[in-house]
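Subject: Structure handed over, with notes

Dear colleague,

I am passing on the structure below, and after it you will find my notes on what turned up. Please read them with the structure open beside you.

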Amino acid sequence: MEELFYIFSFIAIFSALMVVIMRNPLTSALYLILCFFALAGLYVMLDMQFLAAMQILVYAGAIMVLVVLVIMLLNISRIKNVKSDLHQKIIGILIALILFIEIIVYIYNGAQKNPTGIFTEALIKKVGNTKIIGQFLFTVYMLPFEIASVLLLVAIVGAYLFAKKKY
Amino acid sequence: MDIKILITWLIPLFPLSGWLLWGLFGKYFKGLSGYIASGFVGVSFILSVVLFFIVAYSHGFTDTLYPWVHAGIFKAGVSAVIDRLSVVMLVMVTGVSTLVHIYSIGYMEGEKGFSRYFSFLNLFVFSMIMLVISNNLLLLYVFWEAVGFCSYVLIGFWYEKKSASDAGKKAFIVNRIGDFGFAAGIFLLFATTKTLNYETVFTFIPSMPVYTTTAIALLLFAGAVGKSAQFPLHVWLPDAMEGPTPVSALIHAATMVTAGVYMIARFHIIFSYSPAASEVVLAVGTFTAFFAAFIALTQFDIKRIIAYSTISQLGYMFMAVGIGSYTAGIFHLISHAVFKGLLFLTAGSVMHGLSGELDLRKMGGLYSKMKTTAVTFIVGGLALSGIPPFSGFFSKDAILADIYNKGFYFAWAIGEITALMTAFYIFRLIFLAFFSESKLDPAKHVHESSKIMTVPMIILASLAVIIGFLGMPPFNESLFYGFLHTDFKNAAVFAPAVNNVPWYILSLISVLMGLSGIYAAYILYIKKTVSPEKIKSIFKPLYALSYNKVYIDEIYNFLIVKPMLVFFDFLWRVVDIKIIDGAVNGTASAFSFFSVKARKIQNGMLMSYILTLSIGAVALLFYYFIR
Amino acid sequence: MNNYLTVASIIFCIGALGVITRKNLIVVFMSLELMFNAANLGFVAASNYLNLISGDIFVIFIIVVAAAEAAIALGIAIAFYREKGTLDIDRANELKN
């Protein structure tokens, strides 16, 4: 299992880096899909098969298809990227580095919290993660769920408005 | 609710509703508002009379309508004290008010602010009634200020006229000085007794140290000095004559200015337990009586003469309460309200007939043209001069006799001299206005006033004749004394009678004084055996002093107003403009300076926004880290 | 657990780097998606470690929001491209003044 974790992590980090580094947006998009798959693998290792499926369906499936479609539509892969600002890149790397150090310090120096919940690995395996999530989503989290559906509706209308030829 | 309590609260209710009615819907009533307002006050008067008889045949009572302020130990309710003193005042206030209201219908006819006038007149009557019946010092103070406000509004009734609005402001500001002392007195009283209710306060007074009582009494007296226009705060009353004449009759002769006397009579326990304060009251009253009469000798504006006469007569009342003769003071208050109200109304009638003329030098020979006015005026003048059987004789002599018998000979002498001067100036006015040869503009059409104005004058004139008999001598056995003195039985006797000179001897002296004053006026202005000009040249400095009102206004102007103006100019130019405005403008310009700099940050570049955002996130994490 | 969080933070920082340095609107958008996913991973890992379910539910909502955001962002990208003829975000400077 350990090996699997390292493989997936490596793929995820590598493809994430590629997303940022690659000049061609289309290449970036494809690496991003790879990254999502790797993350889905990590979810499976965390006993969240449902989430992994969601990840692949929604992210890799829906969103990334949309992105690729837009890239194709605008046909910008051939458009030469404008002058890259070295100055800004250095600052960006610096900031990302500091951010990373800070987060790592937090993770390893933060107060350790002991498991408190009842959803142990055994229980999830016994009941099935989809069932548990479904139960919670349609009972306790009913209201956020409904709000999320309204949000999606709003997003549809908004996207239509933005993409309209004249606004 | 008990019927007498119902009556008690109905009395102020009518004028109050009148005020609201004319104030809010005055324009729909037009001329009617005067009649209805008079009717309202008339109803109050009838109720007051009923209450008077209830109290006369039973006994006084107190009642709280509702608890108004209730915070910790501080309690003040809207409560009334109905005893003999307050019913006497109530009958006087509502009675004179009714007559003045009726008179005003004629006087103010066709005036632009007819409804406004009656609304404030009703408000004044309401405030005065509440002032009289209030049972705690806070309520008293509120309505003490309210009558001052009404006075301010009504003096400045013709606010387009600069002198009128200035006079209103002057009255308000001068009153404020006195009221400052009054408020301080109330604070001191509350600080020492922890209550403002009359009865409770009075139980504390006898056991209080004398200097505390004196301080309280003097501070309260400061309020009375302002409200009742005593020296040195008398300056507002002559200027207040800029207002409509019925207002002068009601507020500045009969009711509001006597509030100070009423207040001292109401707090007789405080004043009688402090002989020093009472002596101050006596001294101020005596001086003012003489001083105002002295100024009135040479004035030419008829309303101002009567105004100074009011100040002088108020001085008499303060003399009375200053020696502990509260009954005599209140009696003079009542009779003065009647005859001085009468004098003002008749003066208003003269003014009305001459279309606003006030200068004595431009009158004369009016007797034949306006008989009713002249006769009623003479009745008022005789009452003021203290000629029997008019009311002024009984009331003034009751005071002077008390002063003599209690051993204040100097004050008595001043009082007698003042009586002489009083008779002189009022008959100088009568002779010059009604009898000497006419100096009127012939083109002017002089007419007698309408019935609605003369009837109240006649009523007041007949009252001025008969009301004095309530105080039929010997003074300490009269009807009025017998009725009222039970209210003052708790007062400390600090000035016992030392003589027992019979009343007729003292009265004879007073009457002689009055008659000689009238005779002097007769010689000077009718027979002209001695020319007034000659007298004027003999006593030139004195004449100038009197004619210029002892330069009090000029002295105040020099001593107080000018330095204040300089000081406020300093405040304005340096403190306000430089420091306060500087600070405010400095802050504003500092902000605009920094915002011009800060605007540069907003360069519109998305990248730099993102950069700033991430730097902020990093810094925030760092902050939590080092915390 | 810490391993997962470390991976998540690495991906997050890479995403941040992309957002800061890249100038192509679509790549910036994809970098944002990377940051979302890093957060998701952190949620799932923590939820697994603490034996809770709420983290997972949260992730579902994040995915929903991300989908909505994707629709809007790509709409904006199309509109932007139509307006400017490019996807360079340095051209997006209408906010100035």
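Asn51(C) is buried, since its relative accessible area is 14%, and a residue counts as buried when that value is under 20%. Please keep in mind throughout that this is a predicted model. In chain C, Asn51(C) sits in the loop that runs between α2 (25–49) and α3 (54–84), and although Asn51(C) is not a glycine, its phi is positive, at about 60°. As background, most residues other than glycine have a negative phi, and most peptide bonds are trans.

A second residue of this kind is found in chain A, where Asp47(A) has a positive phi of about 65° without being a glycine. Asp47(A) belongs to the loop between α2 (25–45) and α3 (49–74) of chain A, and with a relative accessibility of 8% Asp47(A) counts as buried.

What kind of peptide bond joins Phe231(B) and Pro232(B)? The bond is cis, with an omega of about 5°, and Pro232(B) is placed in the loop of chain B that lies between α8 (210–227) and α9 (236–239).

Turning to chain A as a whole, the chain has 7 helices and 0 strands, so that, from the N terminus on, its elements read α-α-α-α-α-α-α. Of the 167 residues in chain A, 37% are buried, while the chain exposes about 10200 Å², with carbon and sulfur atoms supplying 75% of that area. If you take the contacts in chain A with a separation of 6 or more, 55% of them are between residues 24 or more positions apart.

Leaving aside residues up to four places away in sequence, Ala40(A) touches Ala52(A), Gln55(A) and Ile56(A). The C-alpha atoms of Ala40(A) and Phe8(A) are separated by 9.0 Å, and these two residues are 32 residues apart along the chain.

The next topic is a pair of helices in chain B. Two packed helices are described by the angle between their axes and the distance between the axes. For helix α4 (residues 114–133) and helix α5 (residues 137–155) of chain B, the axes come within 8 Å and cross at roughly 155°, which means that α4(B) is roughly antiparallel to α5(B), because angles over 145 degrees count as roughly antiparallel. The crossing of α4(B) and α5(B) is left-handed. Among the residues that meet there are Tyr117(B), Phe120(B), Phe124(B) and Ser127(B) from α4(B), and Leu140(B), Phe143(B), Trp144(B) and Cys150(B) from α5(B). Sorted by type, the residues of the contact of α4(B) with α5(B) comprise 19 nonpolar, 1 polar and no charged.

Lastly, is Ser79(B) buried or exposed? Ser79(B) counts as buried, because its relative accessibility is 3%, and it is found in strand β2 (residues 74–82) of chain B. When residues up to four places away in sequence are not counted, the residues that Ser79(B) touches include Trp9(B), Asp63(B), Thr64(B), Leu65(B), Ile133(B) and Leu139(B).

Technical notes: Residues numbered from 1 in each chain as written. Chains lettered and ligands numbered in written order. Predicted model: local features only at pLDDT ≥ 70, side-chain atom pairs only at ≥ 80, totals over all residues. Heavy atoms only, no water. Axes fitted to C-alpha atoms, helices over the stretch in contact; angles between N-to-C directions. Helix = DSSP H or I, 4+ residues; strand = E, 2+ residues; numbered from the N terminus. Parallel < 35°, antiparallel > 145°, perpendicular 65-115°, else oblique. Left-handed = near helix turned anticlockwise from the far one by under 90°. Contact = heavy atoms within 4.5 Å. Nonpolar A, V, L, I, M, F, W, Y, C, P; charged D, E, K, R; others polar. Buried < 20%, exposed > 50% of the residue type's maximum accessible area, 1.4 Å probe, protein only. Areas by Shrake-Rupley, 256 points an atom, 1.4 Å probe, with all protein chains shown as cover.
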